[in-house]
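The points below are meant for a colleague who is opening this model for the first time. Please keep the sequence and the structure in view while reading them.

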Amino acid sequence: MDWNPGSLMMTRKLHRRQGSIDLLETIGVVNENGNEIPSMPPVHPPLTYDFVLVAKISEEEENNQCNRKQKAFIESLKAKKLNVQKFRDDDDTVFYCIRAPERVFETYRYLLKVSDACNWSSDQQGTIPQSTRIRIVDFILHHTCIKSDGVSEYLPDLIKKNVFETHFCLHEKREQKELKQSWARWSACFRGQPITNIRNYLGEKVALYFLWLGWYTFLLIPASVIGLIVFLYGLAFYSTSPLIQEVCQSNVIMCPLCDISCKVWELSDTCMYAKVSLLFDNEGTVAFAMFMAVWATVFLEFWKRHSSSYVCAWKVFDWCEEEEELILEIVNNAHCEPKMPMHSYLRSTIVMVLATLMMLIIIGLTHVLVVFRVIATVLLAENSSWPVITENSQTVALMLGAVLHYITITVMTRVNCTVAMKLSEIENKHSHSAIERSFTVKMFTFQFFTMFSSLMYTAFFLGRINGHPGGYTRISGRWRLEECHPSGCLTDLFIQMSIIMVLKQTFNNIFEYSGPWFRRWLNRKKTQKLRRRCVKCYKKECTKEGSELCENCKREELHRNYGLIKTDSFSLFNEFLEMVMQFSFTTIFVAAFPLAPLLALLNNIIEIRLDAIKMVSLERRLVPTKANNIGVWTEVLEAISVLAVIANGLVIGISSDFIPRLVYKYYYGPCASGSATGIDCMVGYINNTLSIAYISDKRVSEDFTHHQMVTYSGINVTHCSYRDYRSNEDYSLTNQFWVILAARLVFIILFEHVVVIFKCVASWFVPTSPLDVRNERLYDKLKRLKEELRVQRAQQDTLTKLNENGNVKRTSKQKKANKLNSM
């Protein structure tokens, strides 16, 4: 026997765990207890049922048709050799408990083995895991129909018509208890996640979601630290900044911010506002924005690397969702016909037109919010009995607008979901994966416009289209558009982002947890009655490994799961959407809100355990779904990272005062000549950004009344200042405005090109698939090929021996025949 030490070492190396998995364990993202990751879930005989249908039985005549449809559907399931057991409760609730025979799963296993793309998943020995059984039976249930008046009705149609109330799969107590102890509890907030156990219980799709969320949360730590440093940098130096001193010590009289009720005011009144503005608009903001753009790329590239390690260990690297659907179609009906992909230009045109119309409606809501803030500013200034609101009417209106924006987001989320689903149905995709992809893209697009349209207006249009004294832009010729604060527009964006982000994360977490928890508390009272009927059996016989539950314990399990919160195919989608939108907030406008990563980090530490507790304890068990990636969400995240580069470049170049300050420092300020010594280069910047409007000008006098030109101390003024680069005579734009505009455009181009280069380098530097994964796949392919060759040769040897034995027998018979003939 040949022995090759090199090949033995390579084999040992290939069988060790991959580096990405070890890294995730080391940093605490996952916690696999240092064990080898099993390729398949642990298997054991099912103790209860694969799936449960719930219906209401009524003797009323109008419900007789529903009863007949129930019986017809159950008979259709029995025709497919599914075992159905019926439990009737005291309140006319009927549980149809379904268990599929082993023949169904053997067929599934064989089809996996002979498939082109899914054969990596066929290494299942012994009993099929319960997660696989649930997935197969769920597919069969949703693809079983009955004929009613010549129309095929499937399970979703029957549920809509109240033929069945609901359907669900059961939690397994042993695995559920293990996950509660190691993962789904608040005391485990700072422990790694048992990703493999999650995959075994809830499927690869859920496991990949939590793996992604854990990696995203971990990488938020450096982003949060740097964002906090940028914030502290502004906090440390804002008190000594000449810009703050100039505002706080200024005697400049500013023009009224609204009509009629607003008076002229002193710039020094906004001293605190200017200090807050400088906290988020300083030199560190530019570097942080560049860092976050590269951070997004590094996060995605390392995520692809880590996910490939796990899907390789789970043997689903080359798994194909569409081919899996074909296999399940055959398992459900051996005589099924293939669904041919079809494309209709008419359908695509209709979907495109309707989607565009929906986005225009969403953008229209942004205009409504703008109008609301404009009118609210006037009403608060004119009608408020509180001086603090009257004097700060614009800021209060901005905050109210942010709250209204949050309410709009909450309402539009449901509307967007309905519209996206209807548009996906119009497209008539041929497979579930194609439908899910189409729905995800549409839903994210609608949600993105809902959340960011108002922020985009604040970032890029607020204060730039409002006009100037003597030429204000008005809505319906009456209400003046909002102005930026003299300290800059970035603070307005910061206030709006912080309110939306804090409200959204806080209320979402409260409602996500409190509702399911309260419903479970109410349900426990009912299940306690069933427990008391069978206390002795419940504690002893029914807990033995591999034993069947008694009738009362089965009823208790049914009621316990029935009382949990309903789950569907959107349950995980909603979690993904929530986190991806948070990722958008964290990256796209991070230049205006450096503390966004810190808020996201604090939220996600709670979010991971909240989602875990919901899925394990408070909600019905999700149907375990197989997957080898997070689907179209990867492309969505990549699109967000590109938008982050563009948006942050525009925020710094347009909304921030970073470029005007640089231009003033090196071109217009006291240091421009290079001869100034002992003086700060930014002295006089605030006054340089202000233009003067004289009340003697006829156009100005039409905008401001005599009452408005009297200060709160009773002094009449003949002129006031406003933020803009305009001539004091004819209000035309000055040369400095065009110099600053050119500098802004140059900065945006340089910023985006430099960041894109860094993103490309980071993407190239981090391989998508680790070398360990490639070697493992090659090793597994070689192993399978050798096994197939061994089986094929064994079959050939068997046939050869049979042929030889047949020839020997024929030769013996021929000899006997020849001998008889010779006699």
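**Notes on the model**

1. Gln582 touches Tyr216, Leu220, Met501, Gln505, Ala600, Asn603 and Asn604, when residues up to four places away in sequence are not counted. This residue is found in helix α21, which covers residues 570-587, and Gln582 is buried, since its relative accessible area of 6% falls under the 20% limit. Please bear in mind throughout that this is a predicted model.

2. For the chain as a whole, the model has 28 helices and 14 strands. Of the 823 residues in the protein chain, 51% are buried. Among the contacts between residues at least 6 apart in sequence, 80% join residues that are at least 24 apart.

3. Helix α21 also packs against helix α23 (residues 633-655), at an angle of about 20° and with the two axes 9 Å apart. Because angles under 35 degrees count as roughly parallel, α21 is roughly parallel to α23, and the crossing of the two helices is right-handed. On the α21 side the meeting residues are Phe573, Phe576, Leu577, Val580, Phe583, Ser584 and Thr587, while α23 brings Trp633, Val636, Leu637, Ile640, Ala644 and Asn648. By class, this contact has ten nonpolar, three polar and no charged residues.

4. How many residues does the largest nonpolar core have, and which of them have the most contacts inside it? The core has 132 residues, and those with the most contacts inside it are Trp212 and Phe589. Its largest share, 15 residues, comes from helix α9, which covers residues 204-237. Apart from this core lies another one, of 35 residues, including Leu53, Leu82, Ile128 and Leu158. As general background, nonpolar side chains tend to be buried together in soluble globular proteins.

5. Phe589 deserves a separate look. Leaving aside neighbours within four places in sequence, Phe589 is in contact with Phe452, Leu455, Met456, Ala459, Phe460, Leu493, Met497, Ser584, Ala647, Asn648 and Val651. Two of these partners, Ser584 and Asn648, also belong to the contact of α21 with α23.

6. The pair formed by helix α13 (residues 321-332) and helix α17 (residues 432-460) packs at an angle of about 135°, with axes 8 Å apart. The contact is made by Glu321, Glu322 and Glu325 of α13 together with His432, Ser433 and Glu436 of α17. These residues divide into no nonpolar, two polar and four charged.

7. Helix α7 (residues 173-182) and helix α8 (residues 195-202) pack at an angle of about 150°, and their axes are 11 Å apart. Angles over 145 degrees count as roughly antiparallel, and α7 and α8 are therefore roughly antiparallel to each other. Their crossing is left-handed. Glu175, Gln176 and Leu179 of α7 and Asn197, Ile198 and Tyr201 of α8 make the contact, which divides by class into three nonpolar, two polar and one charged.

8. Ile57 and Val94 are 37 residues apart in sequence, yet their C-alpha atoms are 6.9 Å apart in space. With neighbours within four places left aside, the contacts of Ile57 are Asn67, Gln70, Arg88, Asp92, Val94 and Tyr96.

9. Two residues call for a check of the backbone. Most residues other than glycine have a negative phi. Lys81, however, has a positive phi of about 70° although it is not a glycine, and the phi of Tyr731 is likewise positive, near 60°. Lys81 is found in the loop between α3 and β2 (83-88) and is exposed, with a relative accessible area of 58%. Tyr731 lies in the loop between β14 (719-723) and α27 (735-765) and counts as buried at 4% relative accessibility.

10. Tyr731 is also a partner of Asp697, which touches Glu729 and Tyr731 when residues up to four places away in sequence are not counted. Asp697 lies in the loop between β13 (690-694) and α26 (698-703), and at 17% relative accessibility Asp697 counts as buried.

Terms used: Residues are numbered from 1 along each chain as its sequence is written. Side-chain values use heavy atoms; hydrogens and water are left out. Helices (H or I, at least four residues) and strands (E, at least two) are DSSP runs, numbered from the N terminus. Buried means under 20% relative accessible area, exposed over 50%, partly exposed in between (1.4 Å probe, protein chains only). Contact means heavy atoms within 4.5 Å. Axes are lines fitted to C-alpha atoms, for helices over the stretch in contact, and angles run from 0 to 180 degrees between N-to-C directions. Angles under 35 degrees count as roughly parallel, over 145 as roughly antiparallel, 65 to 115 as roughly perpendicular and the rest as oblique. A crossing is left-handed if the near helix is turned anticlockwise from the far one by less than a right angle, and right-handed if clockwise. Ala, Val, Leu, Ile, Met, Phe, Trp, Tyr, Cys and Pro count as nonpolar, Asp, Glu, Lys and Arg as charged, and the others, Gly among them, as polar. A nonpolar core is a set of buried Ala, Val, Leu, Ile, Met, Phe, Trp, Tyr and Cys residues joined through side-chain atoms within 4.5 Å.
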